Amino acid sequence: MKKAREILAGDGVNNVMSSLFAILTGLLFGLVVLLITNPADAAAGFGIILKGGFSTGAKGMGQVLYFATPLIMTGLSVGFAFKTGLFNIGASGQFIIGAFAAIYTGVHWTFLPAPFHWIAALIAAAAAGGLWALIPGLMKAFLNVHEVISTIMMNYIGMYLANYLIKLTVYDSKKALSMNTAPSAVLPKGGMDAVFYNSLGGGKDISTVNCGIWIAVGAAVLMYLILNKTTFGYELKACGFNKEASRYAGINEKRNIVLSMVIAGMLAGLGGALLYLSGPGGRHIKVVDVLAAEGFNGIPAALLGLSNPIGIIFSAIFISYITQGGNYLQTLDFVPEIIDIIIACIIYFSAFSLFFRSILPRILRKLRERKAERGEDS
Amino acid sequence: MTLLYLVVQQTMFFSIPLLVVALGGMFTERGGVTNIALDGTMIMGAFSGIFFINQMQGRMSGQSLLLIAILISVSVGVVFSLLLAYSAVNMKADQIIGGTALNMFAPAFAIYVARTLQSNGVQQISFQNTFRISSVPLLGDLPLIGGLFFRNAYITTYLGLLILAVSVFVLYRTRFGLRLRACGEHPQAADSVGINVYRMRYAGVMISGGLAGLGGLIFVVPTSTNFNATVAGYGFLALAVMIFGQWKPLRILFAAFFFGLMKTVASAYSAIPFLAGSFLPGDVYKMIPFIATLIVLAFSSGASRAPRAVGVPYDKGSR
């Protein structure tokens, strides 16, 4: 009993509880909005949101994993930067630049055979994303420019640059999308097509999920190991907690700031590759003047996962899950943007975690006091 | 000559919203709260104002419609920013996270309400622009200045400049301004002489909300005939203008005009002869304001004198 109480009062449970509290409150707010809009269908609509990806069967779950993949990567990007004291809102720009690099490699470097082609595309994407984050990193470390503003600027510059370069090199003008990559550049299915499909008539309606999800999970595990099991990760976290103290301890905090931004950029760029290297049936880059939403959805994934790489895997899958449900909401005449509203509420309440973390120990303490009083009276 | 008039008029349309929103950001940061949600607040203000105009333009038109829309935008901005104020001041939550949440909420909310309430179910809200003043009665006929500043104008432009004048006065010549600045530099010292830091910070955030809401409406009205749940990143540009202006109103004016000019060049380059002939494609021109911002920030942030306690939640117990 004492061990259980110790665990309950510990930090880990507190963190998870505050995330769950944020999620519940966000969902509740979404229910209220549904009720205000269309009370008759609200319950059914909420049911669809909760059923999420399952609404469209096994293929739906496959799509959940497919769209969770870039979210895990951008979530890792934002979360890794968070742990080191930086706010990487530039995940969107790094994502799209990485995506372009991957598509370009996929379309033009056809001299490489199958496994090397897509591996080269992934490396190109990571390098491009890292390069895109290098500039804000250097500006923060050496010129004291606040990384929020510089990364936001890089987002817009990245979007326009990617659009321009796509139109220049890999454009499919008939559909205003990027071209199909060579088949050798498509990420292998890795057996996922045997699990995630709906039977359609005589054939299979296969989900677009592929081995990208495993690469993403592997990246998360790698980040977890780096942050918690290496000296380098320890130094990065120290810089995040207190820059001056780390410098006093001899850690080169300028180098660490630049390196964490670059790693964060590489993760986001890799996410871009994993989403768009899915063959002709999967996603293509739309050439419009709109910032990549996957970059911004990485922020709630990171916040809900409390910047812990393993937690980010779960929170990204959760966000992808309700987003798939949201798309299905259109059948009930609801606007799918309700999901974005719910996610925004979740982030808003997740910032209250510090406050919430003081409630649970207080409740436990009151229970303990009441028990002690009853023990004295009897 | 008409080209010069066009460039100056367009610059005003782009600069005044930047000026107004940056002044709002200045008020909140001088009080000690970082308001990243300026972009979201602009969207909320623009949405409510434009939606009101869209619904009422059958019955009213002209400047009176615009004035009521302005009041609505400001009120909605103030209320929206209360969310950030509560999160930052009462809950002592991370101000950047709260601001990001509001930034994500605003366009989703605008699209949701537009698609639900509009009969055709689209997310763009269109409106008729009956507010352009082709020439101010007496001043529009002055030789050079008339053409530059008093023709093809909107009252929102003059309102923005009025707000600038009021801001300079309030910040530097009133008791409220002095106390607000104190709360941003050293809230513990301000608290020790009896200033209610929480109330001051609330005031700062609410002012920024009102100004941002107004800025959103000012941005949309002259530059297009429909609102599509976005302000093209203006809220963030306004933050950069504020930093470039070192949190001082007159420098912010200069910075806002600089960026307004960059944006005008970016969007009107086809009308300017020697630029249209060059080989740079449209996308590069769209990048120019943001690249210029980066370069300016690179040079101006080294000696940056932000208010010392900005972004740190005020805790009475700490030193």
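## A loop residue in chain B

In this predicted model, L144(B) sits in the loop that joins β2 (133-135) to α5 (145-149) of chain B.

## Two packed helices in chain A

Within chain A, helix α4 (residues 57-83) packs against helix α11 (residues 253-276), with an angle of about 175° and axes 8 Å apart. The two helices are therefore roughly antiparallel, since angles over 145 degrees fall in that class.

On the side of α4(A), the residues in contact include Y66(A), F67(A), M73(A), L76(A) and F80(A). Among their counterparts in α11(A) are I263(A), L267(A), L270(A), L274(A) and L275(A). Sorted by class, the contact between α4(A) and α11(A) comprises 14 nonpolar residues, six polar residues and no charged residues.

Zero disulfides are found over all chains in a search of the whole structure. Two cysteines of chain A can be described by their accessibility. C211(A) counts as buried because its relative accessibility is 13%, and C345(A) is likewise buried, at 7%; the buried class covers values under 20%.

## Confidence of the prediction

For the complex, the predictor gives an ipTM of 0.83 and a pTM of 0.85. Chain B has an average pLDDT of 86, and 96% of its residues score at least 70. Where pLDDT is low, the predicted coordinates should not be read in detail.

Technical notes:
Residues are numbered from 1 along each chain as its sequence is written. Chains are lettered from A and ligands numbered from 1 in the order in which they are written. This is a predicted model: local features need pLDDT of at least 70, side-chain atom pairs count only at pLDDT 80 or more; totals for chains, interfaces and linings use all residues. Side-chain values use heavy atoms; hydrogens and water are left out. pLDDT is the predictor's confidence in each residue, from 0 to 100. Axes are lines fitted to C-alpha atoms, for helices over the stretch in contact, and angles run from 0 to 180 degrees between N-to-C directions. Helices (H or I, at least four residues) and strands (E, at least two) are DSSP runs, numbered from the N terminus. Angles under 35 degrees count as roughly parallel, over 145 as roughly antiparallel, 65 to 115 as roughly perpendicular and the rest as oblique. Contact means heavy atoms within 4.5 Å. Ala, Val, Leu, Ile, Met, Phe, Trp, Tyr, Cys and Pro count as nonpolar, Asp, Glu, Lys and Arg as charged, and the others, Gly among them, as polar. A disulfide is a pair of cysteine sulfur atoms within 2.5 Å. Buried means under 20% relative accessible area, exposed over 50%, partly exposed in between (1.4 Å probe, protein chains only).
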